[in-house]
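Please work through the following exercises with the structure in view. Each task is followed by a solution in steps.

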Amino acid sequence: MKLTYRTRSLPLLYLLFAFITAIVLFPILINVFTAFKTPGDLMNSSPLALPKEWNFGNLKSAFEKGNMLVGFKNTGILVLVSVFLNTILGAMTAYVLNRFDFRFKRVIMSLFIVAMVVPFYTTEVARFQIIKGFGLYDSIGAPLLIYAGTDLLQIFIFLQFIEKISSQLDESAMIDGASYVGIFTRIIFPLLLPASATLGIIKAVDIMNDMYIPYLYMPSKELHTLSTSLMSFVGQRASSFEQLSAAILIVMIPTLLLYLFLQRYIFTGITAGAVKE
């Protein structure tokens, strides 16, 4: 039996996937092993070697030194409020762009594209001045305002879903006396729940992993998030790598669990909006 080109290329694909998997997993394995090592074991063993003595005290020390309870609280507030506001604003923006024709519609879409293409650090000075001018610097309101903003990917996915919703539903609701707000809240948004779940999960993971915005706009210790709490383990003169690794493990677990349990909703929401009915 002749081997097709696709069959002959399978071993190369498997090798490529194995190589990519190793690149992803090796840093995680090194971090996990380091999190349970003693300082002496860390200095005298290979990074990929199992701990000779599993030191679970690193987790306790990291939890207390990093003030993780405060980090969990602040991160939870940021995720819940930001995802709610971001989802509502994104859905409303996509609804207006899809259902209404107005003069500057193309201009608004172009601005979203430009905002995605332009490097964020080129506008960081202006954004920092705006946040400070609003009196939100060093408060949880600063990242909430930044995270609440919608983006092009979010609008694109919402648009894919809204295009599948017949405009006749809008017309029937208007005949019954419904306003545009009523049409959106009672008809459009409930049908966008699959997309909202997908984008909400992606946004939540992004917020939980973000260190730049909380570190820049919430420098106070009582406003630390899970990601910025890691800075407590890094000093100018000395750093405890085993405690830092334990702290990274604590910070990594919520994001990992969130993705593992909800990943099917991510792929379902994205592919559902891409299928034409």
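**Exercise 1.** Determine which helices each supply at least two residues of the lining of the largest pocket, and which supplies the largest share.

*Solution.* Step 1: the helices are H5 (105-117), H6 (124-133), H7 (141-148), H8 (152-163), H11 (193-209) and H12 (212-217). The model is predicted: local features need pLDDT of at least 70, side-chain atom pairs count only at pLDDT 80 or more, and totals for chains, interfaces and linings use all residues. Residues are numbered from 1 along each chain as its sequence is written, and side-chain values use heavy atoms, with hydrogens and water left out. Helices are DSSP runs (H or I, at least four residues) numbered from the N terminus.

Step 1: H6 gives the largest share, four residues.

**Exercise 2.** Describe how helix H4 and helix H10 pack.

*Solution.* Step 1: the axes of H4 (residues 68-99) and H10 (residues 180-191), lines fitted to C-alpha atoms over the stretch in contact, lie 12 Å apart at an angle of about 110°, on a scale from 0 to 180 degrees between N-to-C directions.

Step 1: H4 is therefore roughly perpendicular to H10 (65 to 115 degrees).

Step 2: in contact (heavy atoms within 4.5 Å) are residues including Tyr95 of H4 and Phe184 of H10.

Key: Angles under 35 degrees count as roughly parallel, over 145 as roughly antiparallel, 65 to 115 as roughly perpendicular and the rest as oblique.
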